[in-house]
Amino acid sequence: MGFIGFLILGLLAGAIAKLILPGKQGGGWFITLILGVVGALLGGWLGGLIFGVNLNEFFSLSTWALAIGGSIIVLLIYGLIFGRKKA
């Protein structure tokens with residue numbers, strides 16, 4: 001998968017992860033892109049490490065599942081770090 005394809009995958013996976021997670025996550029489309037790409041990398045790394053599956057093809061179900069799963073993990077961590085601050 002090329003660089004542009006990976007960016008599109010990250011953006012869409014980040015957007016889907018934001019829809020799946022309850023509550024309001026901060027950040028606009030650029031933060032979604034960054035978190036989605038980082039999540040796709042994390043998902044691909046964990047998928048290769050645990051299941052022996054990599055992010056090879058854009059239209060593969062395993063690619064999307066790993067990218068979205070990784071994006072959910074990254075969004076949860078992002079929410080814990082940059083969540084609402086109570087005064």
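**Notebook: aromatic pairs and annotated spans**

I began with Phe82, which is exposed at a relative accessible area of 56%. I am working from a predicted model.

I looked up which ring partners Phe82. I found Tyr78, and the aromatic pair they form is tilted. I noted 5.2 Å centre to centre and 45° between the planes. Tyr78 and Phe82 sit four residues apart in helix α3 (residues 61–82), so about one helical turn separates them. Tyr78 has 21% relative accessibility and counts as partly exposed, because buried means under 20%.

Next I asked how many aromatic pairs the whole structure holds. The search returned three. I then took up Phe58 and Phe59, an edge-to-face pair. Their centres lie 5.0 Å apart, with 85° between the planes. The edge-to-face label follows because the cut-off for it is over 60 degrees. I looked up Phe59 on its own and got 77% relative accessibility, so Phe59 counts as exposed. I also traced the ring pairs onward: they link Phe58, Phe59 and Trp64 into a cluster.

Last, I turned to the record. The unreviewed UniProt entry places "transmembrane region" at residues 27–51 and 58–81. I checked both spans against the model. Residues 27–51 are 92% helix and 0% strand. Their end C-alpha atoms lie 31 Å apart. Residues 58–81 are 88% helix and 0% strand. For this span I noted 30 Å between the end C-alpha atoms.

How values were computed: Residues numbered from 1 in each chain as written. Predicted model: local features only at pLDDT ≥ 70, side-chain atom pairs only at ≥ 80, totals over all residues. Heavy atoms only, no water. UniProt positions renumbered as here; feature names shortened; annotations may be inferred. Helix = DSSP H or I, 4+ residues; strand = E, 2+ residues; numbered from the N terminus. Phe/Tyr/Trp six-rings, centres within 6.5 Å; stacked < 30°, edge-to-face > 60°. Buried < 20%, exposed > 50% of the residue type's maximum accessible area, 1.4 Å probe, protein only.
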